Amino acid sequence: MIQHAARSTAVTQSEPEVNRSPHQSEEQTFLDLGVSRAIVDALKDQNIVHPFPIQALTLPVALKHHDIIGQAKTGTGKTLGFGIPMLEDVLGPDEPGWDDLPSRAQGKPQGLVLEPTRELADQVAHELTLAASRRRVRIAQFSGGHSYDPQLSSLNRGVEIVVGTPGRILDLIARNALDLSCIRVAVLDEADEMLDLGFLDDVNEIFSHLPSQRQTMLFSATMPTAVVALARTYMQHPTHIRVDDHSGQETVTTMKHLAYLTHPLNKEEVLARILQARGRGLTIIFTHTKRTAGTLASGLRHRGFAVGALHGDLSQGVRERALRAFRHGKIDVLVATDVAARGIDVENVTHVVNYETPKDEKEYIHRVGRTGRAGAAGIAITFVAWDELVRWLMIDRHLNLGIGRPEETYHTSAKLLTDLDIPEDAQGTLPRSAQIREGLSAEKIHHERPSRVHRSRKQSAGKGHRTHVSRAQGQRSTGRGTEDASGASRTRSADSTQNTSRRRQRRRRHV
């Protein structure tokens, strides 16, 4: 164990321990840690010079091709922790060493990153692309909700790093379009979510297509013992790196935590006052269900707030529009289910509101991690119903938040106004003079061109017959939680066959 006044960092491994000081994140640069000049310069272009603790501890180990289990809270730079070693280990066209690769390996993926959600896959692919901007490495993002044609075309041209969700990766493998036999580095990001919440079968199937000689890294904010034991089945003598804050808690210490015992019929009124707090920036509100997210977003919109919704019943284009509008400041309130908790990386988020109490401390960490990122200040607010009180007390005790039993609070409570610096004359609707955001309608939806598969289905459908449309283009619902829309693709053929059979039976009865 390495102790330091600012934070404690644990590095454990099955081989002799290598001592590294947390001071590296403050004193050293990426170049000092052995990162190549091309990547260092690309990061400098983005004003990234000094590594965060998880990066400073991970890079010396990962650059030596050791397997790693990396644990750090959300917003501390895990992406570059695995992205830089991956970029260092792959070769792009015409780079030194490219001609030495076997001809069958040239243009085949050398790096694979698996993400639990589309939004997170988009974000990680974007960050890797920036880090590789001075290299010739080609990076592609494959997830549901996007047309197959561009993805198939990019594979035909050649890709060095693939970032994707399990469902779409398996679809491309089944089409014989994606060959993973040349993978050098494989990463499971948000590994606890990937392995613990229903993606184990998909991950096992994907890993069965990987070569046995590879580097494997897992990164997540939390890593329960059972998941670590499971993850090690994919790894050889992994090094476990953990970065905590100075108090040993798993939450961001610069964050202010508040909880209110609220009545379900009064929560929206309380929330309307919170959204009028002085100095409030971008705000994310988390709900348990898609229905609650949609209903709450509609209600807040009628109250004059610039709000968008993000949940699994929305098409990919609508979800991306909401995120773009949020990032660009056209809306300042985003109502989301937990499917978005892992994928949102937006600057200037000052408030996170748990509209319902999270199910456990793990979910609380991931939700409130949207604010207070990289040491910035933030406010986390949790609404607690009477039947959620025991659950909240367990979260409070486990994370040592020091709140205890929340005070019963209504929209008229003076404590609410004082805690959050809300004007005393704030009402349940936003004054017209304060409605200055452009709104969601100011952001256009980017429609995907349908793939050949979808077009051929439409063309082959007879007149008067209902056309089968991929669920990836619209609503979806799975019983496994946060899976990408392509996760349902393996059941489409069977569903389509059953629907065709039913239509034929109905026509026979009419004859």
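Me: Before we start, what does buried mean here?
Reply: Buried means under 20% relative accessible area. Keep in mind that this is a predicted model.

Me: Good. Which residues of helix 13 are buried?
Reply: Gln 316, Gly 317, Arg 319, Glu 320, Arg 321, Ala 322, Leu 323, Arg 324, Ala 325 and Phe 326.

Me: And what does that say about how helix 13 sits in the structure?
Reply: Ten of its twelve residues are buried, so helix 13 is largely enclosed by the rest of the structure.

Me: How far does helix 13 reach from its first C-alpha to its last?
Reply: Helix 13 covers residues 316-327 and reaches 16 Å. That is close to the 16 Å expected at 1.5 Å a residue.

Me: What comes just after helix 13?
Reply: Gly 329, with a positive phi of about 80 degrees.

Me: Which phi does Asn 47 take, positive or negative?
Reply: Positive, about 60 degrees, although Asn 47 is not a glycine. Most residues other than glycine have a negative phi.

Me: Where is Asn 47?
Reply: In the loop between helix 2 (37-45) and helix 3 (53-62). Asn 47 is exposed, at 71% relative accessible area.

Me: What about phi at Asn 176?
Reply: Phi of Asn 176 is positive too, near 60 degrees. Asn 176 is in the loop between helix 7 (166-174) and strand 7 (185-189).

Me: Is Asn 176 buried or exposed?
Reply: Exposed, at 73% relative accessibility.

Me: Switching to rings. How many aromatic pairs does the structure hold?
Reply: Four. One of them is Tyr 355 with Phe 383. Their centres are 5.9 Å apart, with 55 degrees between the planes, and the pair counts as tilted.

Me: Where do Tyr 355 and Phe 383 sit in the chain?
Reply: In distant parts, 28 residues apart. Tyr 355 is in the loop between strand 14 and helix 14 (361-368), while Phe 383 is in strand 15 (residues 378-384).

Me: Are Tyr 355 and Phe 383 buried or exposed?
Reply: Both are buried.

Me: Last one. What lies over the face of Tyr 148?
Reply: Two arginines do. Arg 168 is 3.9 Å from the ring centre, and Arg 175 is at 3.8 Å.

How values were computed
Residues numbered from 1 in each chain as written. Predicted model: local features only at pLDDT ≥ 70, side-chain atom pairs only at ≥ 80, totals over all residues. Heavy atoms only, no water. Helix = DSSP H or I, 4+ residues; strand = E, 2+ residues; numbered from the N terminus. Buried < 20%, exposed > 50% of the residue type's maximum accessible area, 1.4 Å probe, protein only. Expected span 1.5 Å × (residues − 1). Phe/Tyr/Trp six-rings, centres within 6.5 Å; stacked < 30°, edge-to-face > 60°. Lys NZ or Arg CZ within 6 Å of the ring centre and 35° of its normal.
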